[in-house]
Amino acid sequence: MSRLIFKRSLEWCLKNNVFIFNSRFYKQIDGCAMGSPLAPILADIFMNFLLEPKIIRSEHDHLNLQFLGFGQFDSFSIKLFIRYVDDTLVVFNNPGDADRFIAYLNSLHPNMKFTMEHEVLDRLAFLDLLLIKVDNKVEITVYRKPTHSGVFTHFTSFVPYPFKVGLINTLLSRAYRICSNWNLFHLEVEKIKSMLMMNGYTSQLIESKVGLFLNKKFEEINSHNEEEPSVMFGPDQFKVYIELPYIGDTSKKIRNCLNSCLSKIKCGSVDLRFTNSFTRLRDVFKFKDRQPAHLKSNVVYLITCSCGRKYVGETCRNVKVRFDEHVKTSGTNLTEVGKHLLDSPSCKISFEDCKVLGYESYTYRRKLKESLFIQQLDDGKLLNDKLTSVPLFIFNLPSLSDQSKGRMYPRF
């Protein structure tokens, strides 16, 4: 990719951010869109471009820094400066230097406004760390905001059991990585245990997972102290993931049955792994404004004519754009819907007669859904010129016209 194409691609992504709020369209004219994959990277690049040219670092002392003067501010020294994107941890000799520094940062760019938090009772929060000053050293533990509710996935929730165990291990791993000593780690584990028990987890389950977690960590520490283990040569197993709907214990039985069958086949270098799909609360209740029907894309749709005949199709574009192509009755490249309207002038089709049947961003999967809907809705009067967009090797059934001729076997 050339530099010009890369630049224009960035401009296209950054200058064409449109969103809906209260059924009105807005275009963002400043900053990056919230949730954009580019936002964190560009924010870090911008902060680096803004601050690094003004920092003088010593080759032998990486802690004590000096900021160059800017505008009305003279240069001044800082004992410690740590930055993570736009969050900074700074140590000064006195509170007056802190006030000067925040004014200095806010003068660097008109759209950048920093706020400052001082240590309170020898404690200061930075990201998800709580820094505690004890004598001449700093101890670190996990920080949670005052608004933290302690609500996690409840143990009685209808989700796979490994997800619940994974939650315990994730909280323990976070505490192990952050806490600077075993005393703070013990206190954090007690907090985790208390929160999980309020979410329906039993103390026996939590303590057993804590024991397994610590045993694993001690084994890793001991293995580092011992000689290097022998390295296994050869290619890694190829991982194949199969998604199954989560339906309770039945999902586990299906998984065990498939694993048993595959073990007999001897897949060799294939490592088959199963994942479960399930409905989340956010999938049922939408917090954002719903996208207008004419702007929906990557859909399988159904068009119903006033005469009762139907057409099933799919498109990666906006459904309204594809609908306008269907109702065109002049020119070349008419669709089956357009040919039907041309041959039957009394028939009428409006956009309200277009219904979205499903969504899929992957082209092949979307065509599979289209083929399945075609066979499901086939009443002998479909306008589609063919029954499948892609081959269906399992659910490929004969059409109604073929069935009337006595053909009852699937076509492959």
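## A hairpin, its neighbours and a charged patch

Strand 13 and strand 14 form a hairpin, with 5 residues between them. In the turn, G308 has a positive phi of about 105°. The model is predicted.

Strand 13 covers residues 299-304. Is strand 13 enclosed or open? Of its 6 residues, 5 are buried, so the rest of the structure largely encloses this strand. Buried here means under 20% relative accessible area.

Strand 13 pairs with strand 14 and also with strand 15. The table sets out both pairings.

| Strand 14 | 310-315 | antiparallel | 6 | L302 and V312 |

**The charged patch**

Which residues gather in a patch of positive charge on the surface? They are R3, K7, R8 and K15. K15 belongs to helix 1, which spans residues 3-15. Its relative accessibility is 52%, so K15 counts as exposed. The cut-off for exposed is over 50%.

**A leucine in helix 11**

L368 lies in helix 11, residues 363-377. Is L368 buried, partly exposed or exposed? Its relative accessible area is 26%, so L368 is partly exposed. L368 and L392 are 24 residues apart along the chain. Their C-alpha atoms are separated by 7.6 Å.

Note on methods
Residues numbered from 1 in each chain as written. Predicted model: local features only at pLDDT ≥ 70, side-chain atom pairs only at ≥ 80, totals over all residues. Heavy atoms only, no water. Patch = residues over 30% accessible without salt bridge, like charges linked within 9 Å, V, L, I, M, F, W, Y side chains within 5 Å. Areas by Shrake-Rupley, 256 points an atom, 1.4 Å probe, with all protein chains shown as cover. Salt bridge = Lys/Arg side-chain N within 4 Å of Asp/Glu carboxyl O. Lys, Arg positive; Asp, Glu negative; His and termini not counted. Charge placed at Lys NZ, Arg CZ, Asp CG, Glu CD. Helix = DSSP H or I, 4+ residues; strand = E, 2+ residues; numbered from the N terminus. Buried < 20%, exposed > 50% of the residue type's maximum accessible area, 1.4 Å probe, protein only. Pairing = 2+ DSSP bridges.
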